[in-house]
Amino acid sequence: MDFILLLSLGMWMIRESAPEVSLIGLPGTARLAENSKAGTVTYSFQVALSPGASLASGYPRILNSDPLTNTFTVSMINTNKAQVTVTGTTNLDFETSPNSFVLQILAVDSTKDMALQRLTVILTDVNEPPVFLDEESVLYVLEKSPPGQIYRPTVSDPENQPVTFTLTPSNTEFRIDVGSGFLTTTKQFNYLTDPRSYAFKLTVSDGNNSVSRTLVINIVNRNDDKPQFLNTITDFTVSEELSPGFIVTNITAVVPDDSFYIIYSIGTNNYLAIHRYTGLVTIAKRMDRDLAPLREDPIITVTVTATSSPSGPPSNTITLTNTITLTITVTDINDNPPICSPDAQRVAVSETEKPGALITTVTCTDNDVETAFREFLFTGLSCLGCANRFALEPTGSNQIVLKGNLDLEDPSNLLDGNEYSLLAVAEDKDEPNLKGSAYIYVTVTPVNEFPPVFSSPSYFYRISELLGRGTVIGSVKATDRDLPATGVRYSLISGGGTGGLSNIFSLDPKLGSLALLTRPDYETTQIYSLVIRAQDGDPISPLIATTTVTINITEANDEPPLCGPNQTHLIVPKDLRTGSNIQGFIVTCSDRDSPPASFIYSISGASNLNNHFVFSPSSGTNVTRLFLKEPFDYESGLDRVWHYSLTVLVSDGNLRSAGSEPRGLTQTGTVVINILVVDPDLTTVTTTTIPRVTYITITENTYSIDNWYIWFVIALGTMLLLGLLSYLLYHLCGKLYKALKHSDCSCCKPRPREDKEVLIPEPTPPKREILMEVIKINTVFDGEEVDPVTGRVYEYNSKSGARRWKDGTTVSEFVPMIQPESSSMVIPHGHSAQSQARSGRASTGQSKMRSEGVGRATEDRRSPWSSQSRQTSGQSARSARFALSEGGVKLDMVPMTTRGRLNMSEV
């Protein structure tokens with residue numbers, strides 16, 4: 001029946017992860033005082049059932065106990081409270097009984113759900129009163145006996161506490177030793193003259209409890225008849241563990257005179273006692289054959305003494321005694337079960353352990369003396385949820401081997417704390433087949449077998465460069481097949497750096513989410529290839545996996561145009577012809593994320609009163625010029641402003657050539673131009689430098705005269721090094737000469753002279769030829785425009801801004817012009833008409849000279865000595881001062897410093 005219940009319990013624990021029946025308060029521990037009576041409540045607990053369920057009949061009950069006992073029972077007080085009580089079938093004596101009991105309490109409800117818990121009952125010691133071991137209540141003192149000891153009570157204290165003795169009422173003829181209990185007489189009694197009987201109360205106390213009994217002392221007359229024993233058998237055999245009081249034999253002695261009776265006594269020993277009057281020899285103390293001294297010597301030899309006394313009180317005759325020797329042999333019984341040491345052990349086994357491996361060895365011993373009683377076999381190995389993964393091999397041995405696999409990733413394995421609880425049972429071969437057991441807790445240690453696996457071998461994300469800090473781009477996900485799970489942590493290995501920053505991405509180490517630390521810049525880096533590592537949580541030998549995350553940065557219009565020159569001061573005569581390029585002023589723009597074709601030029605209306613000024617081209621190029629659109633009219637009062645501060649707005653939103661749709665918002669740059677309108681007949685103004693064109697020629701792998709200092713430094717260093725080596729060589733030769741001059745060379749043999757003639761000349765190494773290949777990349781011109789001044793058509797490159805006339809004249813790459821430091825224009829009064837005519841002629845000459853300047857620029861660019869030529873022309877450049885007078889135009893040359901070629905058409 002117990003096996004069926006255990007089997008049902010195992011099936012239920014496998015089927016259900018959490019029982020519906022629970023014993024609240026268990027497992028628990030209870031303390032019970034020894035000698036508790038039947039019905040004493042030992043422990044109470046609650047029984048919790050699922051809704052609608054009830055306890056099955058006969059439950060809860062005690063399924064098993066260690067040691068086996070029927071001392072306890074469990075019963076229900078009400079519907080949900082149970083208690084464990086004492087049955088009273090055995091005496092719970094702390095000194096003779098086991099001091100602890102382990103009870104397995106099983107509860108089963110109407111739905112067949114069950115719960116099994118343990119209750120440990122610990123027996124506590126109670127201070128009990130001393131116990132008289134003898135039955136002496138009547139003593140006899142032979143008359144005329146010398147004073148001395150007549151009686152010593154045999155008393156035992158269960159707690160082995162020291163006891164004290166008292167005798168009441170007090171009497172001078174008798175004295176008792178308080179510590180030992182020896183009762184002695186203080187005189188010789190006379191049967192005829194002294195009282196023949198004395199009654200006392202003998203009290204024994206251990207300090208806390210006391211016990212008393214009545215002691216009668218009779219004075220007897222002397223006896224001179226020697227007792228004779230009737231027993232013929234004196235050798236006896238008894239088995240161990242017999243209860244105290246068991247009768248071994250009956251000693252009988254007689255005297256010729258029937259008026260005398262016999263008093264029996266037995267020699268000092270630890271196990272036997274004799275009745276004083278009947279001669280019954282009984283077991284007084286438990287005899288254990290398996291413990292010393294009986295284990296070494298099982299034979300007990302005692303002497304029984306028979307003393308004759310007159311019937312009733314002894315006579316006054318001399319007491320006569322006789323003795324007989326008894327030999328008792330104690331035999332062994334099979335009373336010890338196998339004891340396993342240790343009775344509980346823990347074994348750690350790797351989850352990769354192969355079937356057939358030895359898990360552990362259970363060691364048990366039997367304390368019985370006889371060889372037949374010491375033999376036992378291992379008859380069982382039980383385990384809940386093991387599914388035959390462990391076995392005893394060979395059968396009956398103490399070796400536990402692995403039969404199945406312990407792979408934690410196998411879903412059929414028990415995964416309850418990674419631990420299996422095994423119970424090995426050892427059973428005696430001989431009756432009554434006593435059993436011992438040992439618990440083996442097998443802990444399965446996980447092994448890091450599998451590296452993390454990413455959900456995808458690679459990840460791809462596309463983000464705009466407009467996204468800011470903290471934006472989550474996406475995430476990576478890796479899983480680990482190992483159980484129990486240790487978690488996966490992510491780290492960014494490489495690939496996130498750009499523009500001097502080591503990393504612009506952040507990776508959440510737990511979630512694997514990827515976010516921005518700062519805004520990406522398409523113009524710096526367009527594609528990021530990140531290497532991300534996933535590492536499992538094994539603290540000893542973690543495994544890793546890597547994946548690649550490709551992030552494409554999509555271009556957005558986030559950079560404003562950068563234009564120059566800025567804050568330029570220009571002077572315009574009020575009678576300047578419309579369509580004229582104002583002092584040759586040119587605005588050059590660049591944009592990191594927009595082509596030149598996307599630029600749109602406009603002048604803020606508030607600063608461009610009466611729309612006098614306009615830029616041409618107004619869009620589609622990165623270079624534009626400032627022209628006079630409407631003439632000034634100060635005479636009629638239409639114009640009153642002489643100082644203009646033009647705010648030039650340059651946007652990159654020209655959809656005509658920038659693309660189908662704008663990328664982000666349109667960005668705008670600004671340039672401020674300060675223009676002063678002057679009357680040539682009335683005004684003398686000092687202006688800032690007019691913008692000039694600077695042509696830059698880039699040369700590679702060619703010598704430049706500008707780098708003379710490099711060769712000078714090299715030559716100077718070489719000379720210094722040679723001088724230092726010569727100095728050191730001079731001093732070294734001087735010291736060597738002095739050493740050889742004072743040395744004794746008589747012991748030295750002359751060395752043969754070496755032949756200086758070279759028999760086989762060494763071949764000279766071949767000269768290395770250096771071949772240099774220069775590849776010229778032609779500029780692609782992908783746009784056309786009409787020059788508003790000359791009306792000629794020119795081509796331009798939308799990326800670099802390079803231009804050329806369509807008729808084949810090549811214009812070098814345009815850069816912002818550098819203006820001369822200063823110039824002065826003096827216009828006398830009263831010559832406005834003449835000045836206007838000269839201005840028109842100057843404008844025509846200006847266009848012609850500009851064309852010539854362009855041609856010269858082309859020639860300079862093609863010539864290898866263009867840099868030197870421009871330097872020479874730059875050193876001879878001069879600034880011009882014009883003076884308009886009645887006699888005509890006077891040109892005075894004044895020295896000035898400029899960078900680049902002087903273009904006289906712009907004066």
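Which residue forms a salt bridge with R213? The views below start with that pair.

**View 1. R213 forms a salt bridge with D134.** This is a predicted model, in which local features need pLDDT of at least 70, side-chain atom pairs count only at pLDDT 80 or more, and totals for chains, interfaces and linings use all residues. Residues are numbered from 1 along each chain as its sequence is written, and side-chain values use heavy atoms, leaving out hydrogens and water. The closest N and O atoms of R213 and D134 are 2.8 Å apart. A salt bridge here is a side-chain nitrogen of Lys or Arg within 4 Å of a carboxyl oxygen of Asp or Glu. R213 sits in strand β17 (residues 210-220), and D134 in the loop between β9 (131-132) and β10 (138-142), so the pair ties together parts 79 residues apart in sequence. Helices (H or I, at least four residues) and strands (E, at least two) are DSSP runs, numbered from the N terminus. R213 and D134 are both buried. Buried means under 20% relative accessible area, exposed over 50%, and partly exposed in between (1.4 Å probe, protein chains only).

**View 2. E173 and K187 form a salt bridge.** Their closest N and O atoms are 3.0 Å apart. E173 lies in the loop between β13 (164-168) and β14 (174-176), K187 in the loop between β15 (183-185) and β16 (197-205), so the pair ties together parts 14 residues apart in sequence. E173 counts as buried because its relative accessibility is 17%. K187 is partly exposed, at 25%.

**View 3. D679 and K574 meet in a salt bridge.** The N to O distance is 3.3 Å. D679 lies in the loop between β52 (668-678) and β53 (684-688), K574 in the loop between β46 (568-573) and β47 (581-590), so the pair ties together parts 105 residues apart in sequence. Both D679 and K574 are buried. Elsewhere, salt bridges that share partners join E173, K187 and D194 into one network. The whole structure holds ten salt bridges.

**View 4. C340 and C364 form a disulfide.** Their sulfur atoms are 1.9 Å apart. A disulfide is a pair of cysteine sulfur atoms within 2.5 Å, and the count comes to two. With 80° about the S-S bond, the link of C340 and C364 is right-handed. C340 lies in strand β27 (residues 339-340) and C364 in strand β30 (residues 364-365), so the pair ties together parts 24 residues apart in sequence. C340 is buried at 7% relative accessibility, and C364 at 11%.

**View 5. C563 and C589 form a disulfide.** Here the sulfur atoms are 2.0 Å apart. The torsion about the S-S bond is about 115°, so this disulfide is right-handed. C563 is in strand β45 (residues 562-564) and C589 in strand β47, 26 residues apart. C563 is buried at 18% relative accessible area, and C589 at 4%.

**View 6. L716 belongs to a nonpolar surface patch.** The patch covers about 1,000 Å², and W708, Y709 and F712 are among its other residues. Patches use residues with over 30% relative accessible area and no salt bridge: like charges are joined within 9 Å, nonpolar side chains (Val, Leu, Ile, Met, Phe, Trp, Tyr) within 5 Å. Areas come from the Shrake-Rupley method with a 1.4 Å probe; for residues, only the protein chains shown count as cover. L716 is found in helix α4 (residues 708-741). L716 is partly exposed, at 41%.
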